[in-house]
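Work through the exercises below with the sequence and coordinates open. Each task is followed by a solution in steps.

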Amino acid sequence: MTLGDEGAEPWGDKGVALDADALAVYRAVLLHREGDPAALAAILGMSDRRVRAACDRLTELALLRPSRDRPDLIRAVSPDLGLELMLQREQQELLLRQERLAQTRSALRLLATEYAAAGGSADRSPDAVEVLRGMDEIRTHLESLAGRCTREVLSFQPGGALPTEALEASRPLNEQAMVRGVRFRTIYLQSITTDRVTTQYVRWARELGGDIRLAPTLPMRLLVVDHEVAVIPGETRAGLPTALLLRSAPVVRALHALFEAYWKDAEPFGTEPREAPSVGPTAQERAVLRLLADGCKDETVARALGISVRTERRMVAELTARLGASSRFELAVKATRSGWV
């Protein structure tokens, strides 16, 4: 999204392991038979925010589910069943990581071939690798790309919180491009939601028409412009950062495919809470909510309904926005309260 952003490198996959908060909450639900998040916070001496975040994580892992009798409460899945569910989820996530790794390897093999053919030089022929040296040269080329793009800009933003200076510098570039009708699709790390400045920028970009999703990890910083040019980080040379500007059609296609592989599994950036709607769900939406309340994963829901995972996730995002929920756990609770399940 932000053509001129700089930030940290991506961090490792968090996997499905329980952190200390999630484990403490799960044990408390099992041992104290307590399903009220506020009461759990008092028992554990934790803040309500931490407890609810842990409940969301446990619900995502199908270890907690909303109570059928009391939709404002939660119930624990048995440890044996919970372990089996976690193992199944880990196997599925491993398959996804292997698919992404294969995409990354394919893209990097093409990059290595192109770079070797260019001899690391700044050959400016149409199919060459152009090495940009230093932030001034990198920013100049990014500004030029922003001014000339006409169709679509795809980007990975693997840094966490982004520098205010970089965000402000990128605003006019992106705004001018979107006013011209350029479509922006950007994947940020999920960790940006904890940073106020970055979150405000992402909301601004979304309101302007940007399409934004969040992923737990990203393989590299990446920019693909109009399916014709790609920019990725290079090695530091003589103390200066470098970037590789790529115009080779096979390389750009490979990087485009890599982006689409991550886009398919990334979660849409959250929408602002709204009042619960007066119009009830369709039969298909009701089925989605019922399966989610039972702890089913996206793939299971999509398979049960005969739709793609992407379509299922879009439906969940729309239902979340309609009910003004901030998480899947809250979605299940509000859907039950509204009589939608």
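**Exercise 1. Confidence**

What is the mean pLDDT of the protein, and what percentage of its residues reach 70 or more?

Solution. 
1. The model is predicted. Its mean pLDDT is 75, and 77% of the residues reach 70 or more.
2. Confidence is lowest in helix α4 (residues 79–118), with a mean of 66. It is highest in strand β7 (residues 222–225), at 90.
3. Residues 120–126 have pLDDT below 50, yet the stretch has 13 contacts in the model beyond near neighbours in sequence.
4. Residues 271–278 are also below 50, with 15 such contacts.
5. Where pLDDT is low, the predicted coordinates should not be read in detail.

**Exercise 2. Overall description**

Solution. 
1. The secondary structure comes to 12 helices and 10 strands.
2. Of the 341 residues, 45% are buried.
3. Take the contacts between residues at least 6 apart in sequence: 73% of them join residues at least 24 apart.

**Exercise 3. A helix pair**

Solution. 
1. Two packed helices are described by the angle between their axes and the distance between the axes.
2. For α9 (residues 283–293) and α11 (residues 309–322), the axes come within 11 Å and cross at roughly 90°.
3. Angles of 65 to 115 degrees count as roughly perpendicular, so α9 is roughly perpendicular to α11.
4. From α9, the contact is made by Q284, E285, V288, L289 and L292; from α11, by E312, M315, V316, L319 and R322.
5. These residues divide into six nonpolar, one polar and three charged.
6. The buried residues of α9 are E285, A287, V288, L289, L291, L292 and A293.
7. Just after α9, G295 takes a positive phi of about 90°.

**Exercise 4. A loop residue**

Is L240 buried or partly exposed? Describe its place and its contacts.

Solution. 
1. L240 lies in the loop between β8 (229–233) and β9 (242–246).
2. Its relative accessibility is 42%. Buried would require under 20%, and exposed over 50%, so L240 counts as partly exposed.
3. Apart from neighbours within four places in sequence, L240 is in contact with G134 and E235.
4. L132 is 108 residues away from L240 along the chain, and their C-alpha atoms are separated by 10.0 Å.

Key. Residues are numbered from 1 along each chain as its sequence is written. This is a predicted model: local features need pLDDT of at least 70, side-chain atom pairs count only at pLDDT 80 or more; totals for chains, interfaces and linings use all residues. Side-chain values use heavy atoms; hydrogens and water are left out. Axes are lines fitted to C-alpha atoms, for helices over the stretch in contact, and angles run from 0 to 180 degrees between N-to-C directions. Helices (H or I, at least four residues) and strands (E, at least two) are DSSP runs, numbered from the N terminus. Angles under 35 degrees count as roughly parallel, over 145 as roughly antiparallel, 65 to 115 as roughly perpendicular and the rest as oblique. Contact means heavy atoms within 4.5 Å. Ala, Val, Leu, Ile, Met, Phe, Trp, Tyr, Cys and Pro count as nonpolar, Asp, Glu, Lys and Arg as charged, and the others, Gly among them, as polar. Buried means under 20% relative accessible area, exposed over 50%, partly exposed in between (1.4 Å probe, protein chains only). pLDDT is the predictor's confidence in each residue, from 0 to 100.
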